[in-house]
Amino acid sequence: MNFTELQPFGWHLFFQQQLSLEEWEVCAPARIVDYQRTVFNCVSEKGEQTLNISSSMPCMTEGDWILLNKVGAFSRLLVRSSVFVRKSAGSKVDTQLVAANIDAVFVVCSMNQDFSLNRIECYLVLAHEAGVEPVIVLSKADLADDRQHYLDEVATLGQKLSVIAVNGLETASVESLLPW
């Protein structure tokens, strides 16, 4: 198996360590990148492929890593490194998977009248519950009269919080997001 081709899609040691010796020989990892009602769209070292959804499969979502057998059929779901869930719609008390195996999430808020510290805080809670690193991206830095005021406000939410002010119209400004 050539795992280097999967690295741009988020494959790393955490997932590789979950494979048994037999799986190394007969299975191929694939990441779910999208799903419709009846199929999952996946990427693997062989490229893009679709996988028909069956009732015998566990609940899966975008970002999940799965193993496919030699004929491209579902073998098993790998353990997730992180997962976003939300309450399902309606009166039934149930959860719905939103995304899995994400390392960082950008919480974007503009530095204008739409700025809401409470909204940012809500998204921070979701990020921490999912087990991912939150990065606060304050947009429209070019239009803000007092950028430092917004940065100071967000800083009150946590000392080790990554907060970056960007002007989406300047390439150099957005380059500060490249580490993520």
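## Basis

The model is predicted: local features need pLDDT of at least 70, side-chain atom pairs count only at pLDDT 80 or more, and totals for chains, interfaces and linings use all residues. Residues are numbered from 1 along each chain as its sequence is written, and side-chain values use heavy atoms, with hydrogens and water left out.

Helices (H or I, at least four residues) and strands (E, at least two) are DSSP runs, numbered from the N terminus. Buried means under 20% relative accessible area, exposed over 50%, and partly exposed in between (1.4 Å probe, protein chains only).

## Salt bridges

The structure holds two salt bridges, each defined as a side-chain nitrogen of Lys or Arg within 4 Å of a carboxyl oxygen of Asp or Glu. One joins Arg 76 to Glu 23, with the closest N and O atoms 2.6 Å apart. This pair links distant parts of the chain: Arg 76 lies in strand β5 (residues 74–77) and Glu 23 in helix α2 (residues 21–26), 53 residues apart. Arg 76 is partly exposed at 24% relative accessibility, while Glu 23 is buried at 13%.

Asp 64 and Arg 80 form a salt bridge through their side chains at 2.7 Å, N to O. Here Asp 64 is in the loop between β3 (47–52) and β4 (65–68), and Arg 80 is in the loop between β5 and β6 (83–87), 16 residues apart. Asp 64 has 0% relative accessibility and counts as buried; Arg 80, at 25%, counts as partly exposed.

## Nonpolar cores

A nonpolar core is a set of buried Ala, Val, Leu, Ile, Met, Phe, Trp, Tyr and Cys residues joined through side-chain atoms within 4.5 Å. The largest has 14 residues, and those with the most contacts inside it are Met 111, Phe 115, Ile 120, Ile 136, Leu 138, Tyr 150 and Val 154. Two or more residues each come from β8, α3 (117–130), β9 and α4. A second, separate core of ten residues includes Ala 30, Phe 40, Met 60 and Leu 77.

Contact means heavy atoms within 4.5 Å. Beyond four places in sequence, Met 111 touches residues including Leu 138, Ala 144, Tyr 150 and Ala 165.

## Strands β9 and β10

Strand β9 (residues 133–139) pairs with strand β10 (residues 162–165) in the parallel sense over four bridges; pairing requires DSSP to find at least two bridges. The chain runs from β9 through helix α4 (residues 147–155) to β10 in a right-handed β-α-β crossover, that is, clockwise from the first strand over the helix to the second with the strands pointing away from the viewer. Ile 136 stands opposite Val 163 in β10.

Ser 110 belongs to strand β8 (residues 104–110) and is buried at 12% relative accessible area. Its side chain makes a polar contact of 2.7 Å with that of Asn 112; such a contact is a pair of N or O atoms within 3.5 Å, where within protein one must be able to donate a hydrogen and the other to accept it, and residues adjacent in sequence count only if both atoms are side-chain atoms.

Ala 130 is in helix α3 and is buried, with a relative accessible area of 7%. Apart from neighbours within four places in sequence, Ala 130 is in contact with Ser 82, Val 83 and Phe 84. Ala 130 and Leu 151 are 21 residues apart in sequence, and their C-alpha atoms are 24 Å apart in space.
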